[in-house]
Amino acid sequence: MISKKDKNADRVIRHARVREKIAGTAEMPRFSVYRSLNHIYVQVIDDVKGVTLVSASTMEKAVKDQIKDLTKTEAAKVVGAEAAKKALAAGIETVVFDRGGYIYTGRVKSVADGAREAGLKF
């Protein structure tokens with residue numbers, strides 16, 4: 001009998017492998033993306049201190065109002081822009097992009113594009 005492959009377990013392994021090489025600092029924090037089935041979450045993290053500096057998601061009230069009639073990919077772009085605005089307000093201009101083990105396409109790419117358009121540098 002063929003067992004179904006657990007894609008999320010493979011993603012976690014990929015993410016762990018990348019995390020060995022990427023770490024956020026105070027000068028250049030990590031822009032981490034998590035994608036669930038219906039929502040997308042972004043955090044800007046200082047790994048040296050172990051704190052989240054900025055976060056944004058489709059669950060926030062301000063973002064929820066903007067994405068009512070949008071697709072998930074378009075909503076991801078709005079979340080990326082919102083995270084970038086918050087990061088720039090906190091004095092963060094440059095970040096390291098952490099795609100979370102996901103393939104850089106679709107919603108993950110859309111988040112990055114939205115953040116770049118809002119003025120954040122990767």
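Mentor: A pocket, on a 1 Å grid over the protein atoms alone, is an open set of points where a 1.4 Å probe fits, with protein on both sides within 12 Å along at least five of seven lines; lining residues have an atom within 4 Å of a point. Rolling a probe the size of a water molecule over the atoms shows where empty space is left. The model here is predicted: local features need pLDDT of at least 70, side-chain atom pairs count only at pLDDT 80 or more, and totals for chains, interfaces and linings use all residues. Residues are numbered from 1 along each chain as its sequence is written, and side-chain values use heavy atoms, with hydrogens and water left out.

Trainee: How much space lies in the largest pocket?

Mentor: A volume is the space filled by probe spheres set on the points, which are joined across faces, edges and corners. For the largest pocket that space is about 270 Å³.

Trainee: Which residues of the lining lie nearest the centre of the largest pocket?

Mentor: Lys7, Asn8, Arg11, Arg35 and Tyr102 do, out of 14 lining residues. Helix 1 (7–19) and strand 1 each supply at least two of the lining residues, and helix 1 has the largest share, with four. By class, the lining has six charged residues (Asp, Glu, Lys, Arg), four nonpolar (Ala, Val, Leu, Ile, Met, Phe, Trp, Tyr, Cys, Pro) and four polar (the others, Gly among them).

Trainee: How many helices and strands are there in the protein chain?

Mentor: Helices (H or I, at least four residues) and strands (E, at least two) are DSSP runs, numbered from the N terminus. The protein chain has four of each, in the order α-β-β-β-α-α-β-α along the sequence.

Trainee: What radius of gyration does the protein chain have?

Mentor: The radius is taken over C-alpha atoms, and the globule rule is 2.2 Å times the number of residues to the power 0.38. For 122 residues, a compact globule would have a radius near 14 Å; the chain has 15 Å, which agrees. The C-alpha trace spans about 55 × 40 × 20 Å along its principal axes.

Trainee: Is Asp98 buried or exposed?

Mentor: Buried means under 20% relative accessible area, exposed over 50%, and partly exposed in between (1.4 Å probe, protein chains only). Asp98, found in strand 4, has 1% relative accessibility and therefore counts as buried. In the chain, 38% of the 122 residues are buried. Beyond its neighbours within four places in sequence, Asp98 is in contact (heavy atoms within 4.5 Å) with His15, Arg19, Arg30, Phe31, Ser32 and Val33.

Trainee: How many aromatic pairs are there?

Mentor: Rings of Phe, Tyr and Trp (its six-membered ring) pair if their centres lie within 6.5 Å; planes under 30 degrees apart count as stacked, over 60 as edge-to-face and the rest as tilted. The count is five. Phe31 and Phe122 have ring centres 5.3 Å apart and planes at 45°, so this pair is tilted. The pair links Phe31 in strand 1 (residues 30–35) with Phe122 in the segment after helix 4 (107–117), 91 residues apart. Phe31 is buried at 0%, while Phe122 is partly exposed at 31%.

Trainee: What kind of pair do Phe97 and Phe122 form?

Mentor: Their ring centres lie 5.2 Å apart with planes at 15°, so the pair is stacked. Phe97 lies in strand 4 (residues 96–98), 25 residues from Phe122, and is buried at 17% relative accessibility. Ring pairs link Phe31, Phe97, Tyr104 and Phe122 into a cluster.
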